[in-house]
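Dear colleague,

Please find below the structure that I am handing over to you.

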Amino acid sequence: MRSPTLSAGPDDAGCEDRVSEVVAAVIAGAHRRAVRDGDAQIDTAHLLHGLLESDPEVQEVFPGGPPQVIRLLGYLVQRVIGYGLRWGGTVEVSGAAPSVGSGMAGWSPAAAAALDAAVRRAASRGGARAGGLDLLAAFVRDRECRAMEVLRRAGVSVEPLVTALAVETCQQSTG
């Protein structure tokens, strides 16, 4: 069985100039993960996996600290091996984006909407490029995306996370 054809990453998605180096690396990792897993599209869970693995700022914002991040990574690994979260072969849709295509080849509508929201969040705080916390905040705003399903299943209390992200935004805007 052939792997689905996905766009190569931030260059093909047209977002390289709008995201930080960390987020560009997260996108590249999400692409590799989606291809390896045989998924037709990069989804928000692929992106969350990369954020948790590679962005220390994202790891620090979780109220449960390292144990909670480890639990989240465990859920994401279960997905990779086909246990627990069963999304294979389905398109991620959510309340953030229409279910008829994302405008970004190889991206779920929810993942494309999250990237767009992250770029807008960065701009609203005066940032030139979206960082990992901007992308995480976009997931938290879309309570129906797969990344949020992972957070819920791992027992993450969303309200403290929302508060931590709001505090972080205020600090970046004033600092």
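Angles between axes under 35 degrees count as roughly parallel, those over 145 as roughly antiparallel, those from 65 to 115 as roughly perpendicular, and the rest as oblique. The axes themselves are lines fitted to C-alpha atoms, for helices over the stretch in contact, and the angles run from 0 to 180 degrees between N-to-C directions. Helices (H or I, at least four residues) and strands (E, at least two) are DSSP runs, numbered from the N terminus.

The model is a predicted one, in which local features need pLDDT of at least 70 and side-chain atom pairs count only at pLDDT 80 or more, while totals for chains, interfaces and linings use all residues. Residues are numbered from 1 along each chain as its sequence is written, and side-chain values use heavy atoms, with hydrogens and water left out.

Overall composition

The protein has nine helices and zero strands, and its pattern along the sequence reads α-α-α-α-α-α-α-α-α. Of the 175 residues in the protein, 49% are buried; here buried means under 20% relative accessible area, exposed means over 50%, and partly exposed lies in between (1.4 Å probe, protein chains only). The protein has an accessible surface of about 8400 Å², and carbon and sulfur atoms hold 53% of that surface. Accessible areas come from the Shrake-Rupley method with a 1.4 Å probe; for residues, only the protein chains shown count as cover. Among contacts in the protein with a separation of 6 or more, 64% join residues 24 or more positions apart, a contact being heavy atoms within 4.5 Å.

Helices α2 and α3

Helix α2 (residues 21–37) and α3 cross at roughly 125°, and their axes come within 8 Å. The two helices are therefore oblique to each other. The crossing of α2 past α3 is right-handed. A crossing is called left-handed if the near helix is turned anticlockwise from the far one by less than a right angle, and right-handed if clockwise. On the α2 side the contact consists of Val22, Val26, Ile27, Ala30, Arg33, Ala34 and Asp37, which meet His46, Leu47, His49, Gly50, Leu51, Glu53 and Ser54 in α3. By class, this contact has seven nonpolar, four polar and three charged residues. For these classes, Ala, Val, Leu, Ile, Met, Phe, Trp, Tyr, Cys and Pro count as nonpolar, Asp, Glu, Lys and Arg as charged, and the others, Gly among them, as polar.

Helices α3 and α7

Helix α3 (residues 44–54) also packs with helix α7 (residues 132–141): the axes come within 11 Å and cross at roughly 140°. α3 and α7 are therefore oblique to each other, and their crossing is left-handed. Thr44, Leu47, Leu48 and Leu51 of α3 make the contact with Gly132, Leu135, Leu136 and Phe139 of α7. Six nonpolar, two polar and no charged residues take part in the contact of α3 with α7.

Helices α6 and α7

Helix α6 (residues 109–124) packs against α7 at an angle of about 120°, with the axes 8 Å apart. That angle makes α6 oblique to α7, and α6 passes α7 in a right-handed crossing. From α6, the contact draws on Ala114, Leu115, Ala117, Ala118, Arg120, Arg121 and Ala122; from α7, it draws on Leu133, Asp134, Leu135, Ala137, Ala138, Phe139 and Arg141. The residues of this contact divide into ten nonpolar, no polar and four charged.

Individual residues

Leu115 lies in helix α6 and counts as buried at 2% relative accessibility. Leu115 and Ile27 are 88 residues apart in sequence, and their C-alpha atoms are 9.9 Å apart in space.

Ser108 is found in the loop between α5 (65–80) and α6, and is buried, with a relative accessible area of 0%.

Arg71, in helix α5, is partly exposed, with a relative accessible area of 46%. Arg71 and Ala154 are 83 residues apart in sequence and 6.1 Å apart in space, C-alpha to C-alpha.

In helix α8 (residues 146–153), the buried residues include Arg146, Ala147, Met148, Val150 and Leu151. Gly155 follows α8 and has a positive phi, near 80°.

With kind regards
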